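Please keep the structure open beside the text as you read.

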Amino acid sequence: DLAVRLTDDTDPFFLYNLVISEEDFQSLKSQQGLLVDFSAFPQKFIDLLQQCIQEQNKDIPRFLLQLVSSAPALDHTPVSLNVVETNPFKHLTHLSLKFLPGTDAEIKKFLAKCLKCLKEDKMMLEEKLKKTEEDLTRQLSYTQQSLSEKSRELDKLKNEWTSYTTALSNKHSQELTSEKERALQAQTQYQQQHEQQKKELENLHQKNIQQLQNRLSELEIINKDLTERRYKGDSTVRELKAKLSGLEDECQRAKQEVLSLRRENTTLDAECHEKEKLINQLQTRVAVLEQEIKDKDQLVTRTKEVLDATQEQKVILEESTEEKQKHIEKLETTIKSLSAELLKANEIIKKLQGDLKTLMSKLKLKNTVTIQQEKLLAEKEEKLQKEQRESQEMGQSLRIKEQEVCKLQEQLESTIQKLEESKQLLKTNENVITWLNRQLSEVQMAKKLDSPASVHAAGRATVSPLSMPDRPSFHSSGISHPISPLYAFQNFLEPTQSKTGNSQCPVQLNSQLSKLSRCSDTHPANKENGDPLGLESKYLKKKDDSIPLRGLSQNTLSSEYLRPYLPAKAQPSAKAAATPASAYFPG
C-alpha cells in the first residue's frame, strides 16, 4: 500500500491521511486517465511535488498544489489535493487525491512520534554540546600553555636580538671606516681612469666628426648634380610632351580633311555616273533619230536643228566632264600626298613614342637612384643625429662627473676644516690633561711628604681661596663629607663615564698612583725650566682595565673652575671661558 500524510509544522493537530492499494490505484488510473503503473506512481508523484516546490517562488508558477475542501473551514471533512498545471488557455489537473482527516487516536500517535523525535534530537544536541565544551576547554588550556611558552621564547629572542644588534653595530662601524678608505682609493683611481677615457673619447669624437663632415660635403655635391640632371630631364620631357600634343592635333586635323575629301569624292562619283547614264540615253536617241531621218526626209531640217543643239550640249558636257576628270585627278594626287604625309606622321609619332618610353625608363632609373641616395642620406643623417645625441649625453655625463668632483672637493675642504678644529680641540685637551697631571703629581708629592691629616688640611687650604665649597657634594656618587681634590676628581670621572656613551679621549687613571710619582721624579728638570709636564704616551693608550675620561659636564667642572690651575699658555681666552668643559673633552 501507498500511504500519504499531510501535516503542518505550525498546527500539530492538522493531519490528513491517504492509503492507496493496488486495486484503488487501478480505479484511480481509469478515472483520471493515468499512464503510470503502481510501482512507478510514488516516484512520479514525488517529481510533481518537487516541480511545485521549484515553481512556488515565481510570479506566475507553472505547477500549483491546491487543497480543496467542501466545507468553508477545515473541520474534519475530507479534502482533495490537486496538482494543477497553468496555461494561458486552461488549468490542467494532472492528479487529484482525496485525503481523509485523521482520527483522535491517529493524531495522538502522530503527536507522540513528534515528541519522541524532538526528545531524541534534544538528547543528541546536549551530548554534542558537552563534547564541544570539553574540546574547547582542552584547547583553551593548551593554547594558554603554548602562549606562556611562546612569551618566554619571545623574551629570550629579544635578549639575543639586542646582543646581536649591538655586536652588529660595532662590526658595521669598523667595516664602514674600512669601506670609506677603500672608496676614497677607488675614487682617485676612477677619476684618473675617467680623465684618460675622456681624452680618448674626445679625440675619437673629433676624428669621427671630421670624417662625417667630409662625407657629408661629398654627398651634398652628388645630390646637387643629381638634382640638376633631374630638372633637365623634367624640362626635356615637358618639351617632348608639348611637341607630341601639337603633332596629335595636326594628325586629327588631317584625318578630318581626308574624311571630308572622301565624302566629296563619293558625291562626284555619283554625279559622273548619272551623266554617263545621260550620255548613253542621248546616244540611243541619236541612233533613233538617224533612223527616223532615213525614214523621214521631211523632218531633216528639224532634226538637223535638234542635232546642232544636241551637239552643242554634247560639247559643253564633254568639256565639263574633262574639267571634272582633271579635278578628280588633282584630288587623287592630293589624297595620295596626304596619305604619304599621314604615314610619315605616324612614323614620327611612333619614333616619338619610342623616345618617350626610353626617356620614361631613364627617368624611372634616375628616380630609383635618387630614392636610394635619399635613403642613404636619411640613414647618414640618422647616424649623425645618434652620434650628436651620444656626444651630448657624454657631455652631460662629463658635467655630472665634474659636479660630483666639485662636491667631493667641497666635502674634502669641510673635512679638512673639521680636522683642524679637532686638532685645536686636541691641543686644548692636551693642555687640560697636562694641568691635571701636574695637579695629581703635586698632590702625590704632598701625600708623600706630609701625613694624611696634613693632606686633608692642605686640600682644604687649596680649595678655599678659589671660592670652592668646603663640602662638595657629588649626587651621582652619594658623597657629602669633606674629601681631597684627588678623590673628588677620581669620583667625578666615574659618573661622567656612565652618562656619556662615546669615548674619544681615553686616559688611564689607576688607583695606584705610583706611576705618577715616578713620572714626577723622572721629569724635575722640565718643571724647573717651565716646560709643561704631561703624561707619557703609554698612559694615553686604551687598556682593558683603564677608566675612560669621556667628558666633563658644565655643572661639575666649568672653565672658571679650571682657569687658576692652568698655566699661562694653556689658559683659555675670554671666548673659550664661556664654553663648557665638555668642549675640551668631546664625548
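This is a predicted model: local features need pLDDT of at least 70, side-chain atom pairs count only at pLDDT 80 or more; totals for chains, interfaces and linings use all residues.

Met394 belongs to helix H4, which covers residues 300–449. Its relative accessible area is 35%, so Met394 is partly exposed. That value matters for the patch, because patch members need over 30% relative accessible area and no salt bridge.

His205 sits in helix H3, and it is 186 residues away from Ser391 in sequence, yet their C-alpha atoms are 7.7 Å apart in space. With a relative accessible area of 31%, His205 is partly exposed.

Thr236 is another residue of helix H3. Between the C-alpha atoms of Thr236 and Leu359 there are 9.1 Å, while 123 residues separate the two along the chain. Thr236 has a relative accessible area of 32%, so it too is partly exposed.

For a pair involving a strand, turn to Gln66 in strand S3, residues 63–69. Gln66 and Val83 are 17 residues apart along the chain, and their C-alpha atoms are separated by 6.6 Å. Gln66 is partly exposed, at a relative accessible area of 34%.

## Patches of charge

Which residues form the positive surface patch? They are Arg229, Lys232, Lys362 and Lys366. Helices H3 (104–295) and H4 are the elements that give two or more residues to this positive patch. Lys232, for its part, is placed in helix H3, and its relative accessibility of 58% means that Lys232 counts as exposed. The cut-off behind that word is over 50% relative accessible area.

The surface also has a patch of negative charge, where Asp1, Glu22, Glu23 and Asp24 gather. Glu23 is part of helix H1, which runs over residues 22–32. Because its relative accessibility is 66%, Glu23 counts as exposed.

## Salt bridges

How many salt bridges does the model have? The count comes to 7. Side chains of opposite charge can pair when their charged atoms come close.

The next two pairs are in helix H3. Glu179 and Arg182 meet through their side chains in a salt bridge, at 3.0 Å from N to O. What separates these two residues along the helix? About one helical turn, because Glu179 and Arg182 are 3 residues apart in helix H3. Glu179 is partly exposed, with a relative accessible area of 43%, whereas Arg182 counts as exposed at 52% relative accessibility.

Arg215 and Glu218 form a salt bridge as well, their side chains meeting at 3.7 Å from N to O. Since Arg215 and Glu218 are 3 residues apart in helix H3, about one helical turn separates them. Arg215 is partly exposed with a relative accessible area of 40%, and Glu218 counts as partly exposed at 43% relative accessibility.

## The annotated stretch

Finally, a word on what the record says. UniProt, in an unreviewed entry, lists residues 104–133 as "domain: SAS-6 coiled-coil". In the model, the chain over residues 104–133 is 100% helix and 0% strand.

Key:
Residues are numbered from 1 along each chain as its sequence is written. Side-chain values use heavy atoms; hydrogens and water are left out. Helices (H or I, at least four residues) and strands (E, at least two) are DSSP runs, numbered from the N terminus. Buried means under 20% relative accessible area, exposed over 50%, partly exposed in between (1.4 Å probe, protein chains only). Patches are made of residues with over 30% relative accessible area and no salt bridge: like charges are joined within 9 Å, nonpolar side chains (Val, Leu, Ile, Met, Phe, Trp, Tyr) within 5 Å. Accessible areas come from the Shrake-Rupley method with a 1.4 Å probe; for residues, only the protein chains shown count as cover. A salt bridge is a side-chain nitrogen of Lys or Arg within 4 Å of a carboxyl oxygen of Asp or Glu. Lys and Arg count as positive and Asp and Glu as negative; His and the chain ends are not counted. The place of a charge is taken as NZ of Lys, CZ of Arg, CG of Asp or CD of Glu. UniProt positions are given in the numbering used here, feature names are shortened, and annotations may be inferred rather than shown by experiment.
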